[in-house]
Amino acid sequence: MKLNITCIPGDGIGPEIITEAKKVLNKTAAVYGHEITYKDILMGGASIDVHGVPLTDEAIADAKAADAVLMGSIGGNTTTSPWYQLPPEKRPEAGLLKIRKELNLFANLRPAVLYSELADACPLKKEISDQGFDMLIMRELTGGLYFGDRYTREENGVRKAVDTLTYDENEIRRIAIKGFDIAMKRRKKVTSVDKANVLDSSRLWRKVVEEVAQDYPEVTLEHMLVDNCAMQLVKDPAQFDVILTENMFGDILSDEASMVTGSIGMLASASLNDTKFGLYEPSHGSAPDIAGQDIANPIATVLSAAMMLRYSFDLDKEADAIENAVKNILSKGYRTADIISDGCTRVGCREMGDLLADEIK
């Protein structure tokens, strides 16, 4: 198969981790008989430095022309970087919001997996971490508060800010279908998270999710209020398979889930539209303080590449090979700085990429 991939190295550690993900992808392609074509484009601070904007129309066109997009990370130090002296619409993160909208990436997938080899890094009690967990948070990405009408103005001498939360049934239905489809490939359980005891948008969310569930009799559906879900994530994370939720709730819960794994440097993510197209990126940021030092953890980006093979190309065996390579290298005791523990061998970003690539057989 020919794989046409657009890459966004981005800022900070982004170019380093993208390099290692390509290394692993190239080895996988060689072993399984595929051909990969890459095209790098600029986004974020790297694009601001060259073009004065965080994302150009030409870069969007290149992304749309690909089968999938693999991204490193964008942004810089919000206190010292000149990028953050610019208006909000010209800052690095504006490019990310724009590409999500332009590519209609409405479904965000964030796996949170606790590897047994990293159980000691989990901040939860041992009796909880020993059970392990493997969940996936499916977050609606292009609606809700983040994309609703907003304004700040003065009324009767008092400053007032308004953010509008809206969802229509079509937006809810399409993300619910994605969530149930993914659950069918996993353990066939969906936990739909809302605030239906307070919000009209959540009450509609719950009704539409129940309608979609009728088409998936094999999948168990449960509803959970967002505040209870936040508690359950630290009390009993093993209960979750697919968590389906709206934009802001998903933003908060996915970050909470990432921390109970022990390191955000291990967590992949995907953003999908209504075709096989997706944008794949690590869940962590650009970490400008460690950029260029060969100490970044490339595993989240490598696992994002595995998700790309699985969801955009239906190459499940190849995705399994990469995920198994990660498990094998961890079981052999190799660790980057963020996940190092006693008795393990510390390696840099490049060496971790080499080890993972060599493990693909």
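**Close-up views of a predicted model**

View 1. R153 stands opposite K160 in β7. The model shown here and in the other views is predicted. Strand β6 covers residues 150-155, and strand β7 covers residues 158-163. The two strands run antiparallel. Six bridges join them. Together β6 and β7 form a hairpin, with two residues between the strands. N156 lies in the turn and has a positive phi of about 55°. In a regular strand, side chains alternate between the two faces of the sheet.

**View 2. The crossing of helices α3 and α4.** Helix α3 spans residues 57-65, and helix α4 spans residues 92-102. Their axes come within 11 Å. They cross at roughly 45°. An angle between 35 and 65 degrees counts as oblique, so α3 and α4 are oblique to each other. The crossing of α3 past α4 is right-handed. On the α3 side, D57, I60, A63 and K64 make the contact. On the α4 side, K98, I99 and E102 make it. By class, this contact of α3 with α4 has three nonpolar residues, four charged residues and no polar ones.

View 3. M184 belongs to helix α6, which covers residues 169-184. Its relative accessibility is 29%, so M184 counts as partly exposed; the class lies between buried, under 20%, and exposed, over 50%. Neighbours within four places in sequence aside, M184 is in contact with Y216, E218 and V219. K126 is 58 residues from M184 in sequence. In space, M184 and K126 are 30 Å apart, C-alpha to C-alpha.

Note on methods
Residues numbered from 1 in each chain as written. Predicted model: local features only at pLDDT ≥ 70, side-chain atom pairs only at ≥ 80, totals over all residues. Heavy atoms only, no water. Pairing = 2+ DSSP bridges. Helix = DSSP H or I, 4+ residues; strand = E, 2+ residues; numbered from the N terminus. Axes fitted to C-alpha atoms, helices over the stretch in contact; angles between N-to-C directions. Parallel < 35°, antiparallel > 145°, perpendicular 65-115°, else oblique. Left-handed = near helix turned anticlockwise from the far one by under 90°. Contact = heavy atoms within 4.5 Å. Nonpolar A, V, L, I, M, F, W, Y, C, P; charged D, E, K, R; others polar. Buried < 20%, exposed > 50% of the residue type's maximum accessible area, 1.4 Å probe, protein only.
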